[in-house]
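Please keep the sequence and the structure in view while reading.

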Amino acid sequence: MRKTLALLAFLPLTMAIPATAEAAPALRWTSPCPDYGVTPSPTEGLECAKLWVPLDYADPGGRTIELTVSRKASTSPKRRGVLLMNPGGPGSPGLAMPAQLAQRQGQSGLLDSYDVIGFDPRGTTYSTPVTCDLTEEQKFILVGPYAEGPRDVAEKAAKSRVVAKQCADSKTADLLPHMTTANTARDMDRIRDALGERKISYYGVSYGSYLGAAYSSMFPARTDRIVLDSLVGPDGLDVRAHQRFADGFDDRFGDFTAWAAARDDVYHLGRTQAEVTAKFVALAEQRPEIRTATWGALYDDANFPGLAEEWAAPSAKAQRGPIDGDNHAALQLQVLCNDSDWPESVRYYQKAVERARVTHPLFGPAAANITPCAFWPVERREPPVRIHDRGPSNILLVQNLRDPATPLVGAREMRSALGARAKFVTVDAGGHGVFTMGNACGNDFVLRYLRDGALPAADAHCR
């Protein structure tokens, strides 16, 4: 990618909108941090600060919004700089990430190298939150339900129109057009500036991988060591990435069926993978919600026992919303719908569902179903971030082969888009997330790069 800031002119985003406004003020750190209303506090041991950033970077002197930033400072003479972290989503709060990293990697030496920085992205929880006034049912409108045919798509289209209008009519509707990946990347650069750092290192997982790729494309000269984990494709979470949840389901489902078949004496779901799959299809006819519940459980092997119990004996537990009302779901909708140009024709989604019933019958018609993005009430303010290969070769990509949310097909496209900037490590494992998730080989690649600067000489694979 770009080797100097002068090359930023090649990116359409930065031709119309300043990359940053005037210098950000220094941060004033205090403790304790906000605790999200959870005991024990997930931010214990951290200090936090407030930073005001432009709502609209095209008008840097106009209205500002608040970001809350967290820090676990290094006290070591080996300190290299700062490591900014993002947990994905979009819509997921990130203040607790430095404490989580300290808990999982506190003895590795990684925390000597960096002040570890978390933040709630714009629109999230403690950073000027947005709302769409979503009901409990509406919070889960992005994925599913499994559409049996055109009528099901039309029914969801009607519900999606209502949600889109709620977002347009909410008390935070004036913030809505500015909830984008590009603006969050600009906020990250404001954080870098406020920290007094010339460059930042970064770790982002899931949607956070796309955010990190966007930052690395918009501000290549301001990046140090970048790790992108569980890769969204280079076009972000657009309609194609949404449909690819079906690829991820198919890639990963065999891990669970093998696990369950090996434990048929416990759960009685089938003695072979084929029998377990047949059990799933039969259950889904009786309880359609089992499809999305299964997809969510495939994120982590640790969920397998609970999923098997749910298949064997349905529980009465209701789905719970995010910590802060509808905020997580509302911001996720706003970023996804603002970032990309989603098809607006209901017929497009009906055709996509029919194709998916043939190509990905287990989950495809859920992933291909229509979303509120088809009826989004605002037009995009700028083109999507273009991920490209001009800049320093300082990006490590890590990816499980069988990821249910960010499947390998999209990860390979991200690797291709970044070209010589990146090295790509695949892991023969299932689930969503590589770093700190149990695979010693994949974990070691990340740790050795962030801590020691040991970027692999070539793409690699963990068996």
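## Helix α10

On one side of α10, Ala274, Glu285 and Gln286 are exposed (over 50% relative accessible area, with buried meaning under 20% and partly exposed in between, for a 1.4 Å probe and protein chains only). Helices (H or I, at least four residues) and strands (E, at least two) are DSSP runs, numbered from the N terminus.

The buried residues of α10 are Val276, Phe280, Leu283 and Ala284. Seen down the helix axis, these buried residues fall within an arc of 100°, so they line one face of α10 (the arc is that of the directions from the helix axis to the C-beta atoms). They pack against α8, α11 (290-297) and α12 (304-312), where contact means heavy atoms within 4.5 Å.

## Basis of the model

The model is predicted: local features need pLDDT of at least 70 and side-chain atom pairs count only at pLDDT 80 or more, whereas totals for chains, interfaces and linings use all residues. Residues are numbered from 1 along each chain as its sequence is written, and side-chain values use heavy atoms, leaving out hydrogens and water.

## The sheet

Nine strands form an open sheet with mixed pairing, in the order β1-β2-β4-β3-β5-β6-β7-β8-β9. Its edge strands, β1 (47-54) and β9 (460-462), each pair on one side only; two strands pair if DSSP finds at least two bridges between them.

Strands β5 (residues 200-205) and β6 (residues 223-229) pair in the parallel sense over five bridges. Tyrosine 202 stands opposite isoleucine 226 in β6.
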